[in-house]
Amino acid sequence: MRNKLLIIGAGGHGRVIADIALQMEKWKSIGFLDDSNTKPYMGLHVLGTTQNLSEYIDEYEIIVGIGDNSKRKEVNDLIESFGAEIPVLIHPNAVIGSQVVLGMGTVVMAGVVVNCCSVIGKGCIINTGSTIDHDNSIEDFVHISPGVHLAGSVNVGYGSWLGIGSVVSNNIKINNNCILGAGSVVVKDITEAGVFAGIPAKRLK
Ligand SMILES: CC(=O)SCCNC(=O)CCNC(=O)[C@H](O)C(C)(C)COP(=O)(O)OP(=O)(O)OC[C@H]1O[C@@H](n2cnc3c(N)ncnc32)[C@H](O)[C@@H]1OP(=O)(O)O
């Protein structure tokens, strides 16, 4: 483990990650790379742009603080190809059950509960106050927004984004690359990529 952390992206999501990192008290130095922001946040400095990435690979653990799933994957693929050490960040006020697996680069925000035997892939965002019940399978680069509730044995496919406050019933499968609108309720499998919303959730686009 390295004692320095670099967060790529100093936007809203990157700053929440920085806040978690500070509370974890694991790194003696934390900084950002950002292509447009230069001002410090929470006393943490923007050390450069993504052009400077290679300078930090050997000394820092690196996490991607970009909310958009496809951009986060793109940058995560880049840092992986450079051989970066990529941590998992878990807010001290999250509850993680037994036999839960969290992939590298995944971030778990405050107030989250992940129940036993759930498997969460790499580069995921498990956002504030969401709950993921037992035996879920969340694939890589998924964003579970604040206040989402997933019942038992839910499967969320690669790259999907579940909007704020959405609810998914037990044993449901959601396809890769789906967007689920804010406040939706899913009671049947979603078997193709697309945008879905409403109660019960139906295809929007
Ligand atoms: C910490 C954070 O901030 S994490 C981020 C949290 N943010 C979210 O979760 C946002 C989730 N996004 C949404 O819910 C969006 O509305 C989306 C992605 C579902 C759709 O967005 P867009 O593609 O821009 O659709 P648009 O706003 O044009 O709406 C299209 C139609 O769908 C309806 N619609 C949009 N969202 C929803 C929804 N969540 N539930 C029901 N209907 C909806 C609109 O009312 C509109 O209906 P109309 O044609 O009858 O007027």
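Is Glu25 buried or exposed? Glu25 is exposed, because it has 8 other C-beta atoms within 10 Å. The terms here rest on C-beta atoms placed from the backbone: a residue is buried if 20 or more others lie within 10 Å of its own, exposed if 12 or fewer, and partly exposed in between.

The model is predicted, so local features need pLDDT of at least 70 and side-chain atom pairs count only at pLDDT 80 or more, while totals for chains, interfaces and linings use all residues. Residues are numbered from 1 along each chain as its sequence is written.

Glu25 lies in the loop between α1 and β2. Helices (H or I, at least four residues) and strands (E, at least two) are DSSP runs, numbered from the N terminus. Just after α1, Glu25 takes a positive phi of about 50°. Between the C-alpha atoms of Glu25 and Ile172 there are 37 Å, and the two are 147 residues apart along the chain.

Within α1, the buried residues are His13, Gly14, Val16, Ile17, Ala18, Ile20 and Ala21. They pack against β1 (4-8), β2 (29-33), β4, β5 (89-90) and β8 (107-108). Here two residues are in contact if their C-beta atoms, placed from the backbone, lie within 7 Å.

Ile17 touches Ile7, Ile63, Gly65, Leu89 and Val107, with residues up to four places away in sequence not counted. Ile17 also belongs to the largest nonpolar core, which has 55 residues; Ile7, Ile17, Val108 and Ile126 have the most contacts inside it. Helix α1 (residues 12-24) gives the largest share of this core, five residues. A nonpolar core is a set of buried Ala, Val, Leu, Ile, Met, Phe, Trp, Tyr and Cys residues joined through C-beta atoms within 7 Å. In soluble globular proteins, nonpolar side chains tend to be buried together.

Gly9 counts as buried because 26 other C-beta atoms lie within 10 Å. Leaving out residues up to four places away in sequence, Gly9 touches Gly14, Asp34, Val64, Gly65 and Ile66. Gly9 and Ser36 are 27 residues apart in sequence, and their C-alpha atoms are 9.1 Å apart in space.

A record covers this part of the chain. An unreviewed UniProt entry carries the annotation "domain: PglD N-terminal" for residues 4-75. UniProt positions are given in the numbering used here, feature names are shortened, and annotations may be inferred rather than shown by experiment. The span is 28% helix and 24% strand, and its end C-alpha atoms lie 19 Å apart.

Met42 is found in the loop between β2 and β3 (46-48). Phi of Met42 is near 55°, a positive value in a residue other than glycine. Met42 is exposed because it has 10 C-beta neighbours inside 10 Å. Asp68 sits in the loop between β4 (61-64) and α2 (69-81). With 15 C-beta neighbours inside 10 Å, Asp68 counts as partly exposed. From C-alpha to C-alpha, Asp68 and Gly31 are 20 Å apart in space and 37 residues apart in sequence.

Pro146 is placed in the loop between β14 (143-144) and β15 (149-150). Pro146 is partly exposed, because 18 C-beta neighbours lie inside 10 Å. Apart from its neighbours within four places in sequence, Pro146 is in contact with Asn127, Thr128, Gly129, Ser130 and Ile164. Asn177, in the loop between β19 (173-174) and β20 (178-180), has a positive phi of about 55° although it is not a glycine. Pro200 is found in the loop between β22 (194-197) and β23 (202-203), and the peptide bond from Ile199 to Pro200 is cis, with omega near -10°.

The ligand remains. Of the 14 residues around the ligand, Gly163, Ile164, Gly181, Ala182 and Ala197 come nearest; a residue is near a molecule if its C-beta atom, placed from the backbone, lies within 6 Å of it. This shell divides into seven nonpolar, seven polar and no charged residues. Ala, Val, Leu, Ile, Met, Phe, Trp, Tyr, Cys and Pro count as nonpolar, Asp, Glu, Lys and Arg as charged, and the others, Gly among them, as polar.
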